Amino acid sequence: MVDLFMPYVPGGETTLSALATADGVGTVTLLYTGAQPAVPGVRSLRIDRLDTCDALRSIAATASAPYIALACDARPFRLGQNALRRIAQVLEYSDATMAYADYLAQSGDEVKPHPLIDYQLGSVRDDFDFGPLLFFEAGSFKRCVSEMDESIAFSSLYDLRLRLSEQVLPFHLNETLYTVLSEDKTSSEEKQFAYVDARNREVQIERERVFTEYLKRVGAYLKPEFTPVSFDDNSFKVEASVIIPVRNRVKTISDAIRSVLSQKTDFAFNLIVVDNHSTDGTTEAIDALAKQDARIIHVIPSRDDLGIGGCWNEGVNHPKCGKFAIQLDSDDVYSGEDTVRKIVAAFYEQQCAMVVGTYAITNFKMETIPPGVIDHKEWTYENGRNNALRINGLGAPRAFYTPLLRKLQLPNTSYGEDYAMGLTISHNYPIGRIYDVLYLCRRWEGNSDANLDIIKQNKNNLYKDKLRTIEMMRRIKESR
């Protein structure tokens, strides 16, 4: 019922033997790049690299069973009981063209479940985690591969699943169908920032092209036509406010506040610290600094159900908030004394409703650590708001034209609230960019963005996919 294609790894003959005789397997084909392997009971197919159009067309030409299983990385795996029969059944009953399943991950003697999340309309980021084993209805696989641009060198698997999703969304079977026999040691942070790694620039440009064509096909593409921004509201007493939401960050809040107070500008600004009922001494630290500088506005919300987005709404709706609201997290600091000045200048120079800067990831000693500078150069005026749907963030620091932010309001969450606002604003308005490092994002043991377990990663990714779904639905609805 299922033809299995997998990368050849020397020394994996024992695993291969078990796969070749597994229930439901039609043929096993090894994908190789060097010398042709000679393994009894399996076929071999030479490819340059799995993610090329040529490789997928070769697989399509070789497959003869109704369904295709494709292993996308070289880690060995063991199929579970009746795994292929089960996935073939699911593909048949659901009419799905693509499916994926949860799995077990083995590290030494320890075996842990690796749950995945459901695919939805907004699951269009190119790093969506399907696990290492993908399943396809062979006819749809062959048709979509035949429609691809043969020049695609790095993004064929991405293009394939986008094309398949236009018919039926990929089906997630939340059963553990197989066991991966070695650990993936890539940290969640490495995966998160792979798309801004300069070494991947050529790949990212190609994926932007693939994704943009997909948006055009489904009616979710936005042309570079924007609503003009006019900064004609002169009711503000200060030009800018830095807003810091904080809860229980006594170790870092004073540094963050001092980095704001050290800013050099030729206009008036203040600092609104929204203290979300801290209990560890943060409140007292803010009070001590507020007594020394009248620019500090210490706000303790009356509500006790606020996330970071809700705290931002408290700050931006405060009567003393300035014309522009500028972000700083309570863990972090500005890189120099000119950050606020550069951000405000960018609003006027680029005539935009939101500004996003560039930041560097550092340790607590302010020493740059991998992946280093996060500049989001994938953003362009012409296609930035389309490409924003393909990636998992927009960058930092972020700043907003206050009258617009007061109108829109952030979702009351503690993750993704900034991304939600970026998508909402970019739907109609231009977003400005600054590619100087303005911000130092500090990593430490108490940081909320430290290396996350799979449950937390899934929760975060599911929410951002939901935000993309909302934006995709809005675009498609408006295009009809």
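1. Helices here are DSSP runs of H or I, at least four residues, numbered from the N terminus. The contact (heavy atoms within 4.5 Å) involves Ile253, Ser254, Ile257 and Arg258 of H8 with Thr282, Ala285, Ile286 and Leu289 of H9. By class, it has five nonpolar, two polar and one charged residues.

2. This is a predicted model: local features need pLDDT of at least 70, side-chain atom pairs count only at pLDDT 80 or more, and totals for chains, interfaces and linings use all residues. Residues are numbered from 1 along each chain as its sequence is written, and side-chain values use heavy atoms, leaving out hydrogens and water.

3. The axes of H7 (residues 201–218) and H15 (residues 454–479) come within 10 Å and cross at roughly 50°. Axes are lines fitted to C-alpha atoms over the stretch in contact, with angles from 0 to 180 degrees between N-to-C directions. Tyr214, Leu215 and Val218 of H7 meet Met472, Arg475 and Ile476 of H15.

4. There are zero disulfides (cysteine sulfur pairs within 2.5 Å). Cys311 is in none; the nearest cysteine sulfur, that of Cys321, is 14 Å away. The sulfur of Cys352 is 16 Å from its closest cysteine sulfur, also in Cys321, so too far for a bond.

5. Cys311 is buried, at 2% relative accessible area. Buried means under 20%, with a 1.4 Å probe and protein chains only. Cys352 is buried too, at 0%.

Definitions and conventions
Helices (H or I, at least four residues) and strands (E, at least two) are DSSP runs, numbered from the N terminus. Ala, Val, Leu, Ile, Met, Phe, Trp, Tyr, Cys and Pro count as nonpolar, Asp, Glu, Lys and Arg as charged, and the others, Gly among them, as polar. Buried means under 20% relative accessible area, exposed over 50%, partly exposed in between (1.4 Å probe, protein chains only).
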